[in-house]
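Here is a short report on one protein model. Please look over the sequence and the coordinates before reading on.

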Amino acid sequence: MTAPKAHDWILDLAAYVPGRAKIEGIENPVKLSSNESVFGASPAAIDAHRDSADELMRYPDAASNDLRDAIAEVYNLNPDKIMCGAGSDDLLTLLIHAYAGPGDEVIYSQYGFMVYPIQTQAVGATGIAVPNKNWGADVDGILEAVTADTKLVFVDNPNNPTGAYLSWSEIERLHAGLRSDIVLVLDAAYAECVTADDYHSGEKLVERADNVIMTRTFSKMYALAGLRVGWAYGAPSIIDILNRIRMPFNVCLPGQPAAIAAVKDQAHLKAAVEFNTEWRDWLTASLAALGLDVVPSQTNFVLIGFPEEAPFTAELANQFLTKNGFLLRWLPGQGLASHLRLSIGTPEQNRAVVSLLTEFMNGSPEA
Ligand SMILES: *Cc1c(COP(=O)(O)O)cnc(C)c1O
């Protein structure tokens with residue numbers, strides 16, 4: 001008897017590892033490992049979600065029409081070029097499944113969002129990880145990595161897990177250097193919390209290019225990660241392809257009204273962004289004052305570089321924080337063994353992390 005066998009390229013694929021949520025022996029650990037927004041969702045979104053409870057026997061609107069209209073209105077976009085998904089992960093995955101397969105190449109940054117390499121391998125395509133430059137994507141490196149087999153280029157801008165970003169002129173330079181048959185995916189999951197003046201999330205390139213798609217999410221600054229709602233704005237030919245292969249009811253029934261209420265509550269978003277900026281600045285300055293290397297961030301997290309020498313390494317810091325009930329993200333598998341990624345927490349949590357790391361850097365805490 002032979003057991004069912006998956007494709008060869010799937011057999012050695014390692015599944016996505018989410019940020020840790022539990023510590024053995026500690027009742028309510030502080031989870032700062034998944035870039036969730038502690039500021040919380042708009043109260044209007046929470047009400048809309050609750051109001052949907054009586055309708056749970058219904059299928060959702062398959063095309064997310066009202067949600068696409070609401071997004072289009074708030075962001076001044078064409079609703080026909082919007083597609084919604086079960087988180088932006090859904091849309092990023094569909095792009096790879098639609099455009100790549102065995103023999104094709106997909107380019108992304110070495111330090112970048114893990115969904116790109118995982119889904120590239122899932123379809124049997126070859127992932128090309130280009131080293132980062134100043135923690136962001138390296139435009140010249142990406143352009144040099146393009147071959148006749150390249151099908152997609154992913155740029156998470158700003159970047160996760162580094163927090164760095166590329167200016168709009170760099171994105172335009174990247175696009176200008178790519179063949180027109182290569183899909184450029186601008187993953188703007190953190191667009192809402194960028195404060196840099198020379199940043200743009202990508203919709204204006206979508207308006208004039210047939211090979212560009214921007215992805216966005218309600219998981220980060222809109223604080224609806226648990227509902228899994230994302231959206232893409234793309235060239236009509238790409239949106240058409242994604243609509244053919246997506247699951248028919250991909251955005252859940254409670255998610256649609258909640259996301260509509262969230263996107264309409266721009267005052268709440270603004271307050272969330274102000275909170276984020278204030279504490280991002282504070283954490284960056286406080287951690288740098290301890291002698292740690294903090295990557296300048298445009299996101300809702302900071303990447304912290306630790307010394308290479310014990311007892312001050314990232315691995316030991318991670319153990320020390322864990323022992324004290326704080327969960328950060330350590331990514332040695334991605335080549336970031338000397339760093340920890342810290343999501344911005346509540347004021348009390350942020351102060352507590354800095355005081356623990358002060359203790360850690362000041363000598364030998366009981367590790
Ligand atoms: C969090 C994140 C996403 C996806 O989030 P969803 O919850 O699936 O919308 C996409 N890209 C990057 C870079 C992220 O950090």
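The model is a predicted one.

Is H5 largely enclosed or open? Six of its eight residues are buried, so the rest of the structure largely encloses H5. The buried residues are Val-115, Tyr-116, Ile-118, Gln-119, Thr-120 and Ala-122. Their cover includes two helices, H1 and H4. It also includes strands S3 (105-109), S4 (126-130), S5 (150-156) and S6 (183-187).

Helix H1 (residues 8-11) holds Trp-9. Trp-9 counts as partly exposed, because its relative accessibility is 28% and the buried class needs a value under 20%. Beyond its neighbours within four places in sequence, Trp-9 is in contact with Pro-102, Gln-121, Ala-122, Val-123 and Gly-124. Trp-9 and Thr-126 are 117 residues apart along the chain, yet 9.9 Å separates their C-alpha atoms.

**Nonpolar cores**

The largest nonpolar core has 59 residues. Val-155, Leu-184, Phe-218 and Trp-231 have the most contacts inside it. Helix H10 (residues 255-264) gives the most to this core, with six residues. Another core lies apart from it and has 26 residues, including Leu-292, Val-353, Phe-360 and Met-361.

What does Val-155 touch, leaving aside neighbours within four places in sequence? Its contacts are Tyr-116, Ala-137, Ile-142, Leu-166, Ile-171, Leu-174, Leu-184, Val-185, Leu-186 and Asp-187. Tyr-116 is one of the buried residues of H5. Leu-184 is, with Val-155, among the residues with the most contacts in the largest core.

**Strand S8**

How many residues of strand S8 (residues 230-234) are buried? Five of its five are. Gly-230, Ala-232 and Gly-234 point one way from S8, while Trp-231 and Tyr-233 point the other way. Trp-231 also belongs to the largest core.

S8 has antiparallel pairings with S2 and with S7. Strand S2 (residues 82-85) pairs with S8 over four bridges. In this pairing, Met-83 stands opposite Ala-232. Strand S7 (residues 212-217) is joined to S8 by five bridges. Here the bridge partner of Ile-213 is Gly-234.

**An open sheet of four strands**

Four strands form an open sheet, in the order S9-S10-S13-S12, with antiparallel pairing. Why is one side of S9 and of S12 left without a neighbour in the sheet? S9 (293-294) and S12 stand at the edges and each has a single partner strand, so one side of each has no neighbour there.

Strands S10 (residues 301-305) and S13 (residues 336-343) are joined by five bridges and run antiparallel. Leu-303 has Arg-341 in S13 as its bridge partner. Ser-338 is also in S13. Is Ser-338 buried or exposed? Ser-338 is buried, because its relative accessible area is 17% and the cut-off is 20%. Not counting residues up to four places away in sequence, Ser-338 touches Ile-304, Gly-305, Phe-306, Glu-308 and Ala-314.

**Pockets**

| Pocket | Volume | Lining | Classes in the lining |
|---|---|---|---|
| Largest pocket | about 490 Å³ | 26 residues | eight nonpolar, nine polar, nine charged |
| Second largest pocket | about 270 Å³ | 15 residues | 11 nonpolar, three polar, one charged |

Which residues lie nearest the centre of the largest pocket? They are Tyr-16, Ser-34, Asp-89, Phe-113 and Lys-220. Helix H4 (residues 87-99) provides the largest share of this lining, three residues.

In the second largest pocket, Ala-15, Tyr-16, Val-17, Met-114 and Ile-118 lie nearest the centre. Helix H5 (115-122) and strand S12 (329-331) are the elements that give two or more residues to its lining. Tyr-16 lies in the linings of the largest pocket and of the second largest pocket. Ile-118 is one of the buried residues of H5.

Note on methods:
Residues numbered from 1 in each chain as written. Predicted model: local features only at pLDDT ≥ 70, side-chain atom pairs only at ≥ 80, totals over all residues. Heavy atoms only, no water. Core = buried A, V, L, I, M, F, W, Y, C linked by side-chain atoms within 4.5 Å. Buried < 20%, exposed > 50% of the residue type's maximum accessible area, 1.4 Å probe, protein only. Contact = heavy atoms within 4.5 Å. 1 Å grid on protein atoms, 1.4 Å probe; cavity = no way out; pocket = protein on both sides within 12 Å on 5 of 7 lines; lining within 4 Å. Points joined across faces, edges and corners; volume = space filled by probe spheres on them. Nonpolar A, V, L, I, M, F, W, Y, C, P; charged D, E, K, R; others polar. Pairing = 2+ DSSP bridges.
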